[in-house]
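Biologist: I am new to reading protein models, and I would like to go through one feature after another with you. Could we start with the charged side chains?

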Amino acid sequence: MTVGMISGGASCLCHTAAVLALLGSFAQAQTASGPAAANDFQVLCSPCHGLAAKGDGPAGQGLKKRPADLTMISVRHGRIFPEALITETIAGMDMLADHGTRDMPIWGDVFISKAVGSGVTIDAAKKATSDVEERLKRLVKYLESIQITK
């Protein structure tokens with residue numbers, strides 16, 4: 001898992017510990033039908049982006065770049081919610097190796113690791129891929145639902 005560049009070594013360790021603690025909370029919050037998108041947002045995103053998704057979460061204070069206001073995604077993109085771009089960003093598919101690291105964890109890697117678990121069969125991998133795609137879709141739809149339409 002990539003945690004990203006945070007100012008100061010101690011801050012990095014604290015942020016890593018916070019992310020690991022959040023992942024533990026995330027695992028406890030899962031239900032038989034899978035985690036709800038709002039719960040994923042609260043557990044995984046709000047520490048940096050804030051409960052209201054305004055970019056003012058407590059863990060975001062130590063980042064070099066302030067987390068984005070997620071309620072303004074559509075406004076920043078001409079009043080159109082860029083579903084594919086947001087999916088790529090959350091999954092970590094938008095990061096070019098030549099541009100170094102990014103502050104935001106690559107949740108796609110985290111989701112797939114949790115979905116596969118210790119399974120190494122092709123069937124387990126296919127199911128994990130399907131589960132992760134659905135989970136990403138739900139989280140992206142949740143973000144679309146909180147957009148401010150100024």
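Modeller: A salt bridge is a side-chain nitrogen of Lys or Arg within 4 Å of a carboxyl oxygen of Asp or Glu. The general idea is that side chains of opposite charge can pair when their charged atoms come close. Please keep in mind that this is a predicted model. In this structure, the side chains of Glu 83 and Lys 141 form such a pair, at 3.3 Å from N to O.

Biologist: Which parts of the chain does that pair link?

Modeller: The two residues are 58 residues apart, with Glu 83 in helix α4 (residues 83–91) and Lys 141 in helix α6 (residues 122–145), and the pair therefore links distant parts of the chain. Glu 83 is partly exposed at 36% relative accessibility, and Lys 141 is partly exposed as well, at 44%. Glu 83 and Lys 141 also belong to a network of salt bridges that includes Glu 144.

Biologist: How many salt bridges are found in the whole structure?

Modeller: A search of the whole structure finds 5. One of them joins Asp 131 to Lys 127, whose closest N and O atoms are 2.9 Å apart. These two residues are separated by about one helical turn, because they are 4 residues apart in helix α6. Asp 131 is partly exposed, at 33% relative accessibility, whereas Lys 127 is exposed, with a relative accessible area of 53%. Another salt bridge joins Lys 137 to Glu 134, with 3.5 Å between the closest N and O atoms, and this pair also lies in helix α6, 3 residues apart, or about one turn of the helix.

Biologist: Let us turn to the cysteines. How many disulfides does the structure hold?

Modeller: A disulfide is a covalent bond between the sulfur atoms of two cysteines. The structure holds 0 disulfides.

Biologist: Which residues of helix α5 are buried?

Modeller: In helix α5 (residues 107–116), the buried residues are Trp 107, Gly 108, Val 110 and Phe 111. When you look down the axis of α5, these buried residues fall within an arc of 160°, so they line one face of the helix. Following α5 comes Gly 117, which has a positive phi, near 60°.

Biologist: How should I read a positive phi in a residue that is not a glycine?

Modeller: Ala 53 is not a glycine, yet its phi is positive, at about 65°. Ala 53 is found in the loop between α2 (37–49) and α3 (73–76). Arg 79 also has a positive phi, near 70°, and Arg 79 is found in the loop between α3 and α4.

Biologist: Are Ala 53 and Arg 79 buried or exposed?

Modeller: Ala 53 counts as buried, at 1% relative accessibility, whereas Arg 79 is exposed, with a relative accessible area of 53%.

Note on methods: Residues are numbered from 1 along each chain as its sequence is written. This is a predicted model: local features need pLDDT of at least 70, side-chain atom pairs count only at pLDDT 80 or more; totals for chains, interfaces and linings use all residues. Side-chain values use heavy atoms; hydrogens and water are left out. A disulfide is a pair of cysteine sulfur atoms within 2.5 Å. Buried means under 20% relative accessible area, exposed over 50%, partly exposed in between (1.4 Å probe, protein chains only). The arc is that of the directions from the helix axis to the C-beta atoms.
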